[in-house]
Structures are given as structure tokens and as C-alpha cells.
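Reader: Hi! I have a new protein to look at for class and I'm a bit lost. Could we go through it together?

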Amino acid sequence: MKRILTPLLVATTASLAGPAVASESEVLKHVFELQYAMDTFYFLVCGALVMWMAAGFSMLEAGLVRSKNTVEILTKNVALFAISCIMYLICGYAIMYGGGIFLSGIDGGDKLVDEAFQAFAEREDGFGGDSIYSSASDFFFQVVFVATAMSIVSGAVAERMKLWAFLAFAIVMTGFIYPMEGSWTWGGNDVLGLYNLGDLGFSDFAGSGIVHMAGAAAALAGVMLLGARKGKYGPNGEVRAIPGANLPLATLGTFILWMGWFGFNGGSVLKLGDIANANSVAMVFLNTNTAAAGGAVAALIVSKLMFGKGDLTMLLNGALAGLVVITAEPSTPTPLVATLFGAAGGVLVVLSITFLDKLKIDDPVGAISVHGSCGLLGLLLVPVTNGDVSFIGQIVGALTIFVWVFVCSLIVWSVLKAVMGIRVTAEEEYEGTDLTECGQEAYPEFVTK
């Protein structure tokens, strides 16, 4: 590749520069500078797309809770994003990938350019080798994943959890619990010094387990200690629907998440600046989109068969389920297989939501099913299309992530429950957390005084 491209680039440079022809090494340096810039910029754009998913979670959750809890759920989503950014800056990134706390040295310093060129020179496969980009762009891309994991928790515990207890948990989750399991997976470190998931054949391309199932595990621990909303379940175990206040808003949130997922999965290719990786990015985008479509259609059909109606909330969760499933490996399936994987997620999410209701596990937005059940399914489907991954490795990886996050979260939630309480009073729940926790109403013009 280098021997073919370099003479062409030298000739091009010569035609532009006239008599002063640049040396081959100088042209090659310019090529690497462009690749560095392109891959860094791609990381930043994808990170911005994933950041926009925070708006999607906010709108989805605000639409699926009752109007009297809207301000509080929005407050949680904005605050958790800010906390995630700060805690990952302070220590989370260092735990997960090494380096100093407070991102010390991430700017590269005076040696940035020389070190980058040295990395390019040592790269085994030349122009088509591993991606090399700004460490600051890597942090930005990683930190929005942390916020995504925490956003999953906010919806599951909605309408009855104290605001400040939730934010206290967010500090521990984003600063320690998530970075630790991230260091064992994407970070490549041994699990508590016992075994290495990479050696066992574990792979999670963009985080079906590392991000989504982890968030669901933390949510499940909180919901189990928190209990169900008042009136959700009858004395004989019957499930009573508690409709959300704004389904148009929930639909908007789903489309925002769908769009943001292109950055979530596409950015996880980690490189754009050569033909093979650019094509891989395109396939990831394609498979991400078609998996969501498959999940949406499958969930709609299943809801019609089970309930006799086309349930919009199941349709929305089906699209998200397809996205979660394909996140574990969006680069190796064919578009048809990706659609089928997404459809499997759409079927599973409807069954999971109804099953958790039978267990009286109250999840107002279906987050545990979407991100937990379908996150696990995504991990287990990876070996179907990726021969380098083992089923044993996927199972061990899934168990490691779930057990670590669930147990740690259960401990933190229990401490918070003992110290400050995690649930609002029955009177506060009846009145709504908007007034009791935030002192504001989302729709004051529509409330009869």
C-alpha cells in the first residue's frame, strides 16, 4: 500500500509545489497527519452523536412517566450527564484505561507530534494499521458511554426514588463501578487478577454488555430495594397499567436514540481513514439501522398477538431492543442477519417486560428488559457471525459484568437506603416528585388548582 500510494502523492505534491519537490518522507508525514486528523474528527463527531442520546433518554423517559414526575426525571438526566463527565474525568478514565487522575497529561504536551509520528512509524500494517488519534477525543467518546449506562438507571427507578439518593449513586457508578468492569473488558486487564476475558474469547464491539447490561444490572438492584410504585400491582397480583403522560415525546426520544446509535456503534470501529475501515463503518451504520427496524416490527407484531392491539410503547422498546442486540457485533453480520438479530430482540423485549411485571419488578420505561435482557442476547449472538469469539467467553463475560455491577450496586443502594433513604414517602409519591423534589411543575397551565 505504501509503495503504491507514495509515488502518486509525491507526484501530486510536485505538480502543486513546482520545482521544490517534497521528499517522500515529508509526504508520508502529511498523509499520516491527515489520517490522524480524520480519525480524531470522526471520534469527536461520533461522540457528539452519542452525547445527543442524553436528549433521547430524557425525552423517552419524560414521555413514559406521569406528568407529575416530568421535571424530576429531566433533572436526573441532565444532572447524571454532568456527574458522569466529572467523575470519569476525576478517576473513571484512569481506572478503565490507565493514566493519571484528572486527565493529567492527556493534552500530549510538547512531544505530541513526535510521539504520534513515532507511533505511525512503529505501526505494523502501515497506512491500514491500528487507529492513532488524539487521547482527548478518546476520552470524549468514552465519557458519553458512561453517561449512557447511567441513563438506563434513571428510567427504571422513576416516579418513586429520591433525587439526591439517585445522584449519590451516580457518583459511585460512573466513578468506580462502571470503570472497573470496563477495565476488564475494553481495558484488557485481568478480572481481579483471576482471569482475562480476552483470553477466553470474549468480545463486545460497542457495549451490549459493557454499557447496556451493566446499566440494567445497576437498575435491577435499585428497583429490587425500591419496590413498585403505589397502585402498580393489585392485591391478587394483577398488573395495572400506568400510562405515560406524553407518548409523542417518548416517540421523539426513541428517534433521537436511534440516530445517536449510529455514533455509538459507528464510532466503535475506531478508525475511518482507510478503505477497509471506511467500508466497515458503512456496514455498521447499515446493520445498526436495519436491526432497529427489525426489532420495531417484531415487537409490534408480538404485541398485537399478545394484547390484541398494536402497542406503541412496545414498538418503541422493540426498536431500542434491536439496537441493543446489534451493538455487541454490528460489523460481521449480513444486513439480513442483522435484521433477524434485531427482530429477536423485539420479540424478547415484549416477553421480558411482561415477565418482569409478573415478578412485580416495576420498571416504568422497560429499561431493564431493553438493556438487560437484550444486552445479554446481543452478547450470546456474537459467535454466530464472528468466528474469533467463543460462547464460553461470552457467557463468562456476561456473568462477570452482571455479577460485579449488580452486587456493587446492591451494596451502594443498601448503604444509601440506610443512611438517607432512597424512596419518597407515600404522600410525596401521590403528589408527584416534581413538586416534592424540585418544587416545579412541567405543565402548570394544565393543572387545576
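This is a predicted model: local features need pLDDT of at least 70, side-chain atom pairs count only at pLDDT 80 or more; totals for chains, interfaces and linings use all residues.

Reader: Nice. Where is V424 in the chain?

Author: V424 sits in the loop that runs between α13 (391-419) and α14 (426-431).

Reader: And which residues is V424 in contact with, leaving aside its neighbours within four places in sequence?

Author: Those are R160, M161, K162, E429, T433 and E437.

Reader: What about N287, how far is that from V424?

Author: Their C-alpha atoms are separated by 43 Å, and the two residues are 137 apart along the chain.

Reader: OK, new topic. How many helices and strands does the protein chain have?

Author: There are 15 helices and zero strands. The radius of gyration is 23 Å, close to the 22 Å from the globule rule for 449 residues, so the chain is as compact as a globular protein of that length.

Reader: Back to burial: what percentage of the residues in the whole chain is buried?

Author: Buried residues account for 52% of the 449. As for the surface, the chain exposes about 19,200 Å², with 68% of that supplied by carbon and sulfur atoms.

Reader: Last one: how many positive and negative side chains are there?

Author: The protein chain has 22 positive and 36 negative ones, and the centres of these two sets lie 12 Å apart.

Notes:
Residues are numbered from 1 along each chain as its sequence is written. Side-chain values use heavy atoms; hydrogens and water are left out. Helices (H or I, at least four residues) and strands (E, at least two) are DSSP runs, numbered from the N terminus. The radius of gyration is taken over C-alpha atoms; the globule rule is 2.2 Å times the number of residues to the power 0.38. Buried means under 20% relative accessible area, exposed over 50%, partly exposed in between (1.4 Å probe, protein chains only). Accessible areas come from the Shrake-Rupley method with a 1.4 Å probe; for residues, only the protein chains shown count as cover. Lys and Arg count as positive and Asp and Glu as negative; His and the chain ends are not counted. The place of a charge is taken as NZ of Lys, CZ of Arg, CG of Asp or CD of Glu. Contact means heavy atoms within 4.5 Å.
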